[in-house]
Amino acid sequence: MTHEYRVVETTERFHGKIFDVVTDLVEMPGGGVAPRDYLKHVGAVGIVALDDEQRVVLVRQYRHPVRRFLWELPAGLVDVAGEEAQATALRELAEEADLTAGRVEHLVDLHTTPGASSELIRLFLATELREIAERHDRRDEEAEIEVRRVPLADALKMIFEGEITNGPAVAGLLAADAVLRSRA
């Protein structure tokens, strides 16, 4: 038997562009009510862009909460009303890596931190890559994005050597490798 965990009350503590901080009062098994604080997130997408030479596109950018530059997949927020996730992924690929793709397929969905955030990131595999003509105007942290194409095998090594620690990048690269191996 599964308890319903009904929300009795929600209080917004902070409202932001990317996420809100909320407290839900939740009915617990046995009749008690407990507060649960979490980030209510808009959602995100990421894209494993794989070229004809089996190289993946990685971006290195500054992430303030961890106070360092991280190697990641091109990725971004689901912040355009009505935009399909695949279109969002292609938009982020263009904005962060100056690329588009002739083929895009869903890889995996990932709850990044389900104990503290509602964020769901949908990850895609993109192939048939092409350069775009008009580069996106990158600002703030994005102004310093470094884009690099790395052989997929080397990117996988980077995971296990601690050079790629971004959760969606780890999941996306491993998922892409599994899909590609299943097709071989």
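**Entry 1: the core.** I looked up the largest nonpolar core and found 22 residues, of which Val 48, Val 56, Leu 58, Ile 164 and Leu 173 touch the most other members. Strand 4 (44–49), strand 5 (55–63), strand 9 (120–131), helix 2 (152–160) and helix 3 (167–183) each supply at least two residues of this core. Helix 2 gives the largest share, 5 residues. Another core lies apart from it, with 13 residues, including Leu 93, Leu 99, Ala 101 and Phe 124.

I note the terms here. A nonpolar core is a set of buried Ala, Val, Leu, Ile, Met, Phe, Trp, Tyr and Cys residues joined through side-chain atoms within 4.5 Å. Buried is under 20% relative accessible area, exposed is over 50%, and partly exposed is in between (1.4 Å probe, protein chains only). Helices (H or I, at least four residues) and strands (E, at least two) are DSSP runs, numbered from the N terminus.

**Entry 2: the model.** This is a predicted model, where local features need pLDDT of at least 70 and side-chain atom pairs count only at pLDDT 80 or more, while totals for chains, interfaces and linings use all residues. Residues are numbered from 1 along each chain as its sequence is written, and side-chain values use heavy atoms, with hydrogens and water left out.

**Entry 3: Val 56.** I asked what Val 56 touches, not counting residues up to four places away in sequence. I found Val 48, Ala 49, Leu 50, Arg 148, Arg 149, Val 150, Leu 152, Ala 155 and Leu 173. Contact means heavy atoms within 4.5 Å.

**Entry 4: Pro 74.** I found Pro 74 in the loop between strand 6 and strand 7. Is Pro 74 buried or exposed? Pro 74 is buried, at a relative accessible area of 0%. Beyond residues up to four places away in sequence, Pro 74 touches Gly 46, Ile 47, Val 57, Val 59, Glu 92, Leu 93, Glu 96 and Ala 97. I also checked Asp 177: from Pro 74 it is 103 residues away in sequence and 17 Å in space, C-alpha to C-alpha.

**Entry 5: aromatic pairs.** Rings of Phe, Tyr and Trp (its six-membered ring) pair if their centres lie within 6.5 Å; planes under 30 degrees apart count as stacked, over 60 as edge-to-face and the rest as tilted. I counted 2 aromatic pairs by this rule. Phe 14 and Phe 19 are tilted, 6.2 Å centre to centre with 50° between the planes. Phe 14 is partly exposed at 42% relative accessible area, and Phe 19 is partly exposed at 31%. Why is the pair of Tyr 62 and Phe 69 edge-to-face? Their planes are at 65°, with the ring centres 5.7 Å apart, so the pair is edge-to-face.
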